[in-house]
Amino acid sequence: MENRRLAVAREEEQDDRMKTFIFKGEGHTLGNAIRTIILKNPDVIFCGYTIPHPSENKLHLRIETKSISAVDALREGLEQLQNLSDHILKTFETAVVDYKSNQMEV
């Protein structure tokens with residue numbers, strides 16, 4: 001796991017619907033955002049995260065689902081978070097351009 005930014009804790013777990021993922025180099029910003037998005041999936045029973053220790057730069061994300069695999073729930077959540085981030089960035093950039101053009105008119 002030394003070089004990977006994402007790993008699965010206890011990969012030998014038999015049930016694909018319950019997994020804990022370890023994100024290296026991530027903290028509360030990603031944890032809270034991804035947890036919130038994943039919990040909107042109706043197939044997700046539980047999703048929570050923890051930062052095991054403040055001096056460790058790791059995020060542990062636990063996902064438990066009804067029928068889809070936890071990996072699929074994570075993948076869907078990350079895709080939705082990416083789409084949301086892209087939308088926010090585009091909206092912000094458009095607002096900046098509009099603001100600057102309005103300032104030029106004044």
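**Calls and cut-offs in a predicted model**

Me: Why is Gly-31 called buried?
Reply: Gly-31 has 0% relative accessibility. Buried means under 20% relative accessible area, with a 1.4 Å probe and protein chains only, so Gly-31 counts as buried.

Me: What kind of model is this, and which pLDDT limits apply?
Reply: The model is predicted: local features need pLDDT of at least 70, side-chain atom pairs count only at pLDDT 80 or more, and totals for chains, interfaces and linings use all residues. Residues are numbered from 1 along each chain as its sequence is written, and side-chain values use heavy atoms, with hydrogens and water left out.

Me: Where is Gly-31 placed, and what does Gly-31 touch?
Reply: Gly-31 is in helix 1, residues 28–39. Helices are DSSP runs of H or I with at least four residues, strands are runs of E with at least two, and both are numbered from the N terminus. Not counting residues up to four places away in sequence, Gly-31 touches Tyr-49 and Leu-59; contact means heavy atoms within 4.5 Å. From Gly-31 to His-60 the C-alpha distance is 8.2 Å, at 29 residues apart in sequence.

Me: Why is Asp-16 called partly exposed?
Reply: The relative accessible area of Asp-16 is 48%. Exposed means over 50%, and partly exposed lies between that and the buried limit, so Asp-16 is partly exposed.

Me: Where does Asp-16 lie, and with which residues is Asp-16 in contact?
Reply: Asp-16 is in the loop between strand 1 (6–9) and strand 2 (18–24). Leaving aside neighbours within four places in sequence, Asp-16 is in contact with Ser-69 and Ala-70. Ser-67 is 51 residues from Asp-16 in sequence, with the two C-alpha atoms 9.2 Å apart.

Me: What is the pattern of the protein chain?
Reply: Along the sequence the pattern is β-β-α-β-β-α, with 2 helices and 4 strands in the chain.

Me: How does the radius of gyration of the protein chain stand against that of a compact globule?
Reply: The rule for a globule is 2.2 Å times the number of residues to the power 0.38, and the radius is taken over C-alpha atoms. For 106 residues a compact globule would be near 13 Å, but the protein chain has 18 Å. The C-alpha trace spans about 65 × 35 × 20 Å along its principal axes. Of the 106 residues, 26% count as buried.

Me: Which feature does UniProt place at residues 20–90?
Reply: An unreviewed UniProt entry gives "domain: DNA-directed RNA polymerase RBP11-like dimerisation" there; such annotations may be inferred rather than shown by experiment. Over residues 20–90 the chain is 46% helix and 28% strand.
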